[in-house]
Every structure is written in C-alpha cells, then in structure tokens.
Amino acid sequence: MAWPESIQQALRLPQGARFYRCALQVNPPHYASTYRGASRADEPGTFEADDQAQIEALVASAAANQIEVLGITDHNHAGSVEAFAAAAARHGIVVFPGFEARSKEGVHFLCLFPPGTRASQLARYLGEIGIHNEEPNDDCCKLSCDELPQFIAERGGIVIAAHITQANGLLTTLRGQPCINAWRNRHLLAAQIPGAIDGLPVNYRRIIENTDPAYAREHAPSERVALAVVNAQDVVDPDDFAKSSASCRIKMTEATIEGLRQAFLDPGSRIRLNGDAPEHVRAELVAMTWVGGFLDGVAIHFSEHLNVLIGGRGTGKSTIIESIRYVLDLPALGDGAALAHQGVVNDVLQPGTRVSLLVRAHHPAVSEYVIERTVPNTPVVRDSTGRVVSLDPSDILAGVEVYGQHEMSELTRSPEKLTRLLERFVDRYATTVTREADVARELSRLRAELIAAEEDLKDARERLEALPRYDETLKRYQAAGVEDRLKAKNLLLSEEQILKTADERLQAVRRSLTQFAKVVPIDRRFAAEEAIATLPGRDVLTDVWAALTDLETALSDAVNAARAATDSADARLKVVRGNWTERQAQIETDYQRVLRELQKERIDGTEFINIRRAIADLQPVAEEAESLKTRLADRRRERHELLVEWEELAAQSLRLLQQAAKRVNRQLAQLVRVTVTPAGQREPLFDLLRDEIGGQLRPALDRLRACDVLSPRQLADACRAGVDELEKQYKISGAAATRLAGATDEVLMRIEELTLPNTTQVELNVAGDGQEPLWRSLDHLSTGQKATAILFLLLLEADAPLIIDQPEDDLDNRFISEGIVPKMRDEKRRRQFILSTHNANIPVLGDAELIVALSTLSKDGESEVIAPADQMGSLDAAPVRELVERVLEGGRDAFEARRRKYGF
C-alpha cells in the first residue's frame with residue numbers, strides 16, 4: 001500500500017481492544033491416557049512421539065485455526081505450561097498458565113493466571129489448596145466452591161466454572177442453596193458451556209440469562225447474561241481446535257488477566273460465542289493524521305467499534321471531530337454548527353494544515369482510500385497505489401454523520417431536518433430517485449414549451465385579428481372588378497409565396513442536419529480493444545467496435561449526402577427564382593400600366609395588392625396557429641400524465657416514510673415515537689405565492705396553513721376555476737382570492753410541480769421505569785430531552801460511522817446511562833462510533849474499544865496537543881483506566897467520596 005508515511009505511522013499505533021480467538025481449556029499430551037482410559041498409541045489423532053512433539057503439534061494446529069490465546073489447564077498439575085508457552089511464543093500465541101481444580105464438593109474450575117507465571121509458582125498454589133501430588137490427578141482440593149474462586153482471585157488469577165451443564169459441572173453437581181451460593185459468588189466471573197445459550201435446556205438457560213429468581217445475580221454485567229459464559233472444551237487432539245465448542249472470541253486490548261477480567265465483567269460487549277450472529281461489515285474510518293496547525297503530529301488508529309476521545313478542555317477533541325467533517329466535506333446541518341465549524345477550520349486547523357484520513361469501504365468489495373485535504377483546498381482521494389481517483393468522499397463513505405457540539409439540539413427546531421433523519425431508514429431504490437428527477441425535469445421542460453407555445457399562439461392570433469378587415473376590403477375591390485384586372489399580379493403573389501415557403505423548408509432542413517450531425521463521430525472508446533482485453537467475453541464483444549464504426553461511417557455518409565442534396569436543391573431553387581424574377585419583371589410592367597389606369601378611375605390598385613400580399617402572408621400563420629393548438633393539446637395531455645405520475649411518486653415516498661416511522665417506533669418502543677405529517681412543510685408554496693403573486697396574502701396563507709391536507713395541484717385547479725371555487729374549497733375570499741385567481745398559467749403550473757416536504761414529529765417518553773408512558777413532543781421538552789430523542793434516532797439501523805462531539809452537553813444524564821449507552825453497546829456491533837466526551841458513562845458503561853487521551857504541552861510559548869501511544873486503549877489497559885479515572889471521574893478520592901455519599 002502506498003499510504004503516506006504519516007498514515008503508516010498511525011497504523012502502528014494501538015487500535016484498542018479487539019477480539020482474540022481463545023481456547024481456554026487445553027490439556028497436555030498425557031490427558032487422553034490418564035483420564036480417558038486410552039493408551040498413547042491407540043488414542044485417535046495422537047502421535048507416537050515424545051510429549052514435546054505433541055505439544056508442538058497442538059500449538060501448530062491452534063495457529064492454523066487462528067487461535068491466538070491458549071489456557072493450559074491440566075488437572076491439578078502445571079508441569080507442561082512452560083513447554084506450551086515456549087512453543088506458543090514461536091507462533092505469536094499467548095498462553096495463560098493454569099490448572100483445572102476440583103472443589104471439595106467435586107465441582108471443576110479452570111484456574112488461569114497471568115502469562116509468564118512459572119510452573120513452580122502454580123505448584124505452590126496447588127499445595128496451598130491441598131494438592132501435593134506432583135503427578136496429574138483429579139483429587140478434590142480442600143477448598144469449597146465458595147472459597148476456591150476467592151483464593152484464585154487474591155493471587156491474581158481468574159476462575160471459570162468448567163462445563164457447568166455436564167458431568168462435574170457446577171449446575172449438575174450441586175443442588176439447592178449450595179448451588180445458588182456457588183453461582184452467585186462474586187469472585188466467579190465466568191462459566192463454560194458447550195455451545196450457544198439458546199441451545200441449552202430451559203432450566204440452565206434461565207439461570208444463565210438471570211431470569212431464575214433464585215439464582216439471580218446482582219448488578220448483571222450485560223443486557224442478556226448475569227455471568228459471562230465462554231465456549232471451551234478439553235482440547236486433547238490437534239483436530240479439536242477445529243470444533244466450534246473449543247474456542248470463543250474475547251475482546252481485549254492485550255491478552256492479559258486484566259483483559260480477561262474486563263471481558264468477563266462485560267460479556268455482552270466483549271465475548272462472542274461461536275453460535276452468535278456474525279458482526280455486520282461496516283464502512284469505517286481507519287486512521288487519521290494532521291500535519292500543521294494545532295494538531296500537528298497527532299495520529300489516531302481507530303477501532304471499528306466505539307472510539308472515545310477524552311481530555312481536558314482545549315485539548316483538541318472538538319478539533320478532531322470538526323477535522324473529520326472537514327476532510328469528508330460534510331456540511332453542518334445547523335446554522336450555529338456551520339459557524340462553529342468554519343471557526344475551527346480558520347482559527348484552529350489554520351491554512352496550510354493537511355488532514356489525512358484512511359477509510360475502508362466494504363461494498364461492493366473491500367477497498368481502502370486515503371482522503372487528504374489541505375486547508376483551504378478541496379479534498380483529494382487516493383487509492384492504495386497513491387493514484388488520485390475521481391471520487392468524492394461521499395462516494396466511499398455514503399451516510400457517514402458528523403455532529404458538532406449542540407448540533408443535535410439545533411436539529412430539533414426544524415421538522416424538515418427531522419424528516420431527513422427519518423429518511424435514513426427508508427429503502428428507496430436508485431431507479432425511483434432517478435425517475436423523480438426525470439419527471440421533475442420533464443415537467444419543467446413541458447412548462448417552458450407550453451409557455452412558449454402559448455406566446456406563439458397569442459402572437460399568431462393577434463396577427464390573424466386583421467384578417468376579417470382584409471377580407472371585407474378585398475370584397476369591395478372584387479366588386480369593383482379590380483381583382484380581374486390585376487389577376488396576373490395577384491397570381492404572381494401566390495407564386496412568390498411558393499418560393500418563399502420553399503426557402504423556409506430548405507432552411508429547416510439545414511437546421512435539422514446541423515443537429516443530426518452532432519451524433520457523429522460516435523464515442524467508441526468504451527469498446528476499444530484495450531478496454532475489453534481483460535474481459536472473459538472479449539471474443540463476443542469484439543464486433544461492438546466494428547458495428548459502431550460502420551454506423552458512424554453510414555451516418556457520416558448520410559449527412560454528407562443530405563448536405564449535398566440540400567446544396568443541390570438550393571442551387572436549383574436559385575435558378576427557379578432567377579427565371580421567376582424575369583417573369584416577375586414582365587408582369588410588373590403590365591401591373592404598373594394597370595395601376596395607372598386604375599388611378600385615373602380613382603382606384604388604389606396598390607392597396608389591393610398589399611391586401612392580397614398580407615392575406616397570403618397570414619395563410620402560413622393560420623396554419624401554424626392550428627398546429628400550435630394541436631401541439632398545446634398534446635403537451636397538456638402529456639403534462640397531465642406526468643403530473644399523475646409525479647403525485648404517485650410523492651405518495652410512494654410518503655408511504656415509505658410512514659413505514660420507516662412504524663419500524664422506528666417498534667424498535668424504540670417505550671422510548672421514542674415518530675409521526676409523519678404529509679406535506680407538512682408548506683413554506684415552499686407560500687414563498688412561491690408571495691414572490692410571484694404578491695399583495696396582501698396573509699389571510700389566504702393562514703387558510704392554507706390550517707388545511708389538514710393540501711394538494712398543490714388541487715389548489716392550482718381552484719385558482720383556474722376562479723374566486724368562487726377558492727371560497728368554496730379553502731374559504732379564501734376578497735382581494736386575496738382575486739389575486740390568486742388572476743395568477744398566470746406559468747405560476748399555476750409551477751404550483752402544480754411543487755412537492756411539499758413531509759414533516760416529522762418526534763415525542764419522547766419522559767415517564768420513569770415501570771410507569772405508564774408519558775409522551776411529550778419536542779416543543780415541550782428540555783434541551784437535553786430533545787437531544788436525547790434525536791440521538792435515539794441516530795443510533796438506529798445504520799452501517800456508516802457516527803461521529804458526535806460531546807453528546808452529553810445536550811443530553812439528560814439519566815438518559816445517557818439508561819437509554820443511550822445500552823443502545824450504543826448494541827449498535828456498535830453494526831457501525832463505528834467516534835465520540836468526544838467528559839462523561840465517564842459513555843466510555844465505561846459503553847465499554848469503549850478505543851479510548852484516546854489528549855493533553856497539551858507548552859512548547860515555545862504555544863500549546864501543543866499530544867496523544868501518546870500508551871494512553872490509547874481500552875479499560876483493560878491500566879494506563880488508560882487510570883486516565884479515565886482521573887480525567888472523567890475526578891480521581892479515586894472523588895469517586896470514593898461520591899460512593900460514600902450515595903451510600904453505595
């Protein structure tokens with residue numbers, strides 16, 4: 001990949017917690033013969049070799065099955081852990097040394113300790129619990145189910161209840177209160193099951209899902225289970241690693257005991273069983289860097305899940321969020337947000353700063369691009385070879401959303417923008433969107449043609465108004481016998497009209513030829529030999545070029561032939577006109593003689609000829625008027641059909657929006673509900689009426705605003721029908737009705753072409769838990785409650801990244817922990833989140849995969865932002881956890897003081 005050096009450096013930074021495939025119950029070579037009654041030679045899949053070879057084979061198989069973490073758990077013995085660790089290190093696999101212990105009640109527990117723990121240390125732990133035999137054995141230890149987990153935890157280890165639903169498992173060996181006590185032991189953090197939770201018998205599933213009151217554990221760590229469950233089984237043979245029950249995925253920053261502990265404390269976020277649904281592929285921001293400006297030298301390697309930026313005020317959190325908006329060239333949705341964004345770009349990023357962003361798209365195939373933008377230039381997109389490509393950021397990351405500080409609360413003031421949020425859930429096909437654009441374009445074209453044709457018809461009718469006068473005057477001349485005496489001149493006018501019409505037809509042909517000639521040459525590059533060389537069907541496609549070449553030749557020949565024929569016709573017409581001009585001269589002599597004779601009789605023969613010429617000139621006008629009438633009728637019929645389709649497209653959009661509202665209401669039941677108002681945004685219509693009609697329209701607009709349903713087309717028809725119809729349908733009367741009824745046809749057509757945007761009303765349930773829903777519209781909510789309702793919508797059903805700057809500024813704190821965070825935990829399996837915050841609930845309860853701690857240093861009298869690599873990670877990384885504690889909780893003392901005051 002030809003990524004810029006700054007991006008390559010960013011990719012070497014920590015990416016936070018990720019999923020490791022873990023097999024936590026791996027046994028040494030002797031296990032099959034010791035516990036399964038098989039000899040080494042006849043155990044299927046084993047080797048007739050020494051133990052070290054078998055360990056190497058087991059580890060190699062683990063690596064081949066993408067296992068990254070092994071738990072070594074021999075029964076009451078730790079002699080093989082160091083051999084496993086050495087072999088695993090050569091494959092980059094982490095080993096948790098440990099053993100499998102049996103409580104004095106006979107319940108099996110997997111006991112795991114930090115990587116690097118020596119076998120001798122584990123042997124001492126075994127001795128402390130009463131296991132002194134140096135050989136593997138299945139003896140019970142001296143500690144009970146209540147005591148053993150605490151003993152292991154106090155020595156830095158973690159206990160997993162082994163095969164709880166099978167022989168020697170906690171739920172099968174114990175009964176009654178002892179079983180309940182063991183299950184609810186606070187030092188027991190995880191249990192092992194063979195497959196998916198849904199595949200367990202109902203009685204076991206109820207216990208695991210915390211729905212059995214007797215076994216209910218307090219402070220259940222996730223939405224579904226009260227105790228973490230993992231897939232693990234006795235791995236004996238190298239082929240065992242391929243079994244789905246042998247391993248599971250556990251999310252950790254690094255494979256450490258603390259990583260396991262955090263995962264077991266938060267299994268809903270950090271543990272994936274093999275039977276769980278796979279995570280959604282999603283578009284994501286991969287890495288980001290800055291060169292120059294306030295963030296010069298800062299780099300981030302994003303997690304694909306939940307990323308949280310923390311730090312004191314002025315440490316660059318908002319600048320990072322606005323940089324993402326800037327490099328992706330995304331507009332702010334609120335006016336205040338737009339001003340704030342421009343201020344960050346001008347004053348903080350500053351001219352000359354280069355922002356680079358590596359992004360990954362998964363559709364239609366996995367592809368990566370670097371988007372670079374240098375203030376104040378436009379973004380540049382490069383592919384993996386470093387080549388600049390003709391793509392916009394939106395072509396790669398469609399649907400990505402960025403919200404600055406307080407921008408969500410700005411959205412609540414615009415029903416139209418709320419509708420845009422709801423449209424994110426509308427399944428619209430590209431063909432429908434294209435058809436809407438085509439219909440809008442056709443309606444606009446037909447409107448222009450109708451207006452032009454109406455003007456031409458009006459002009460023709462005005463010219464034809466003189467024809468009756470000409471006819472009456474002509475009759476008087478005919479009665480005086482003038483027509484017979486000037487017959488030759490009269491017929492000459494008809495001949496002249498023929499020549500004039502022939503010239504007009506010839507010019508029309510020339511204009512058509514000019515338009516037709518524009519299709520030549522035909523662009524054939526798409527079918528060139530080099531364009532199809534790599535296609536499997538190139539042999540079939542080779543004739544496309546030849547066919548289009550022949551067509552181009554034929555068209556070119558036809559154009560040339562038509563031009564030659566036109567020139568020939570023009571030359572012949574010139575000869576005809578020349579001959580006719582000679583004839584005209586002869587007749588003109590006789591015509592002048594007759595005129596002189598008529599003058600002696602006090603008759604104006606010139607007027608007669610002029611009238612005849614005017615009538616002849618108006619004859620084509622009359623024919624054109626009839627043609628215009630036919631054309632207008634055709635265009636009006638065509639426009640009527642398009643208007644019907646236009647209204648159906650609008651109705652279809654409304655139906656899709658209403659379906660989306662129903663889906664949102666189902667998913668946010670008891671939290672948020674949305675209602676769609678058809679054509680609720682009427683300002684486009686009112687603006688048009690004010691601009692094009694004007695006058696005192698307020699009473700009329702108030703009447704239209706009060707209509708439950710308003711159809712622009714129906715309004716236009718009422719205006720055409722007159723003031724009585726406006727009074728009847730809309731209660732509009734007086735001067736306003738007169739002005740509306742007097743609107744031009746162009747204005748009425750523009751009204752018909754309007755699509756009034758649908759609007760969305762959002763309501764939030766402000767009732768407490770267990771109470772009847774109490775729905776409040778945005779108009780009756782606090783700023784924080786408004787933003788909470790919007791954020792619920794933003795968190796739904798999307799696969800593009802969502803970036804928000806300090807959402808807690810606009811949210812009620814109760815909704816953050818009780819509503820927003822649980823929803824975010826669920827949705828981060830589908831999409832990437834990048835948030836900046838001062839609220840500990842978001843990274844802690846949300847279990848952020850990547851927390852980036854920002855701070856500033858003073859250098860040469862100026863502040864410099866730093867984001868050290870050791871301050872990037874998840875809560876299972878001690879330095880990161882300490883920073884969260886200090887920055888967001890105010891430190892351990894402050895946290896403890898609050899805990900004591902609350903009485904927790």
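User: In this predicted model, which helix holds Val-540, a residue of the nonpolar surface patch?

Analyst: The patch covers about 440 Å² and is made by Phe-526, Leu-535, Val-540, Leu-541 and Val-544. Val-540 lies within residues 538-600, and the helix formed by those residues is H22.

User: Is Val-540 buried or exposed?

Analyst: A residue counts as exposed when its relative accessible area is over 50%. Val-540 has a relative accessibility of 68%, so the residue is classed as exposed.

User: How many residues apart are Glu-552 and Arg-524?

Analyst: Glu-552 and Arg-524 form a salt bridge, with 2.3 Å between the closest N and O atoms. Glu-552 is in helix H22, whereas Arg-524 is in the loop between helix H20 and helix H21. The pair therefore links distant parts of the chain, and the separation is 28 residues.

User: Are Glu-552 and Arg-524 buried or exposed?

Analyst: The limit for a buried residue is under 20% relative accessible area. Glu-552 has 17% relative accessibility, and Arg-524 has 15%. Both residues are therefore classed as buried.

User: Which strands are tied together by the salt bridge of Glu-763 and Arg-673?

Analyst: The side chains of Glu-763 and Arg-673 meet at 2.7 Å, N to O. These parts are 90 residues apart in sequence.

User: Which helix supplies the largest share of the lining of the second largest pocket?

Analyst: This pocket holds about 1100 Å³ of space and is lined by 41 residues. Strand E18 and helices H16, H23 and H26 each supply at least two of the lining residues. The largest share is eight residues, and these come from H23.

Key: Residues numbered from 1 in each chain as written. Predicted model: local features only at pLDDT ≥ 70, side-chain atom pairs only at ≥ 80, totals over all residues. Heavy atoms only, no water. 1 Å grid on protein atoms, 1.4 Å probe; cavity = no way out; pocket = protein on both sides within 12 Å on 5 of 7 lines; lining within 4 Å. Points joined across faces, edges and corners; volume = space filled by probe spheres on them. Helix = DSSP H or I, 4+ residues; strand = E, 2+ residues; numbered from the N terminus. Patch = residues over 30% accessible without salt bridge, like charges linked within 9 Å, V, L, I, M, F, W, Y side chains within 5 Å. Areas by Shrake-Rupley, 256 points an atom, 1.4 Å probe, with all protein chains shown as cover. Salt bridge = Lys/Arg side-chain N within 4 Å of Asp/Glu carboxyl O. Buried < 20%, exposed > 50% of the residue type's maximum accessible area, 1.4 Å probe, protein only.
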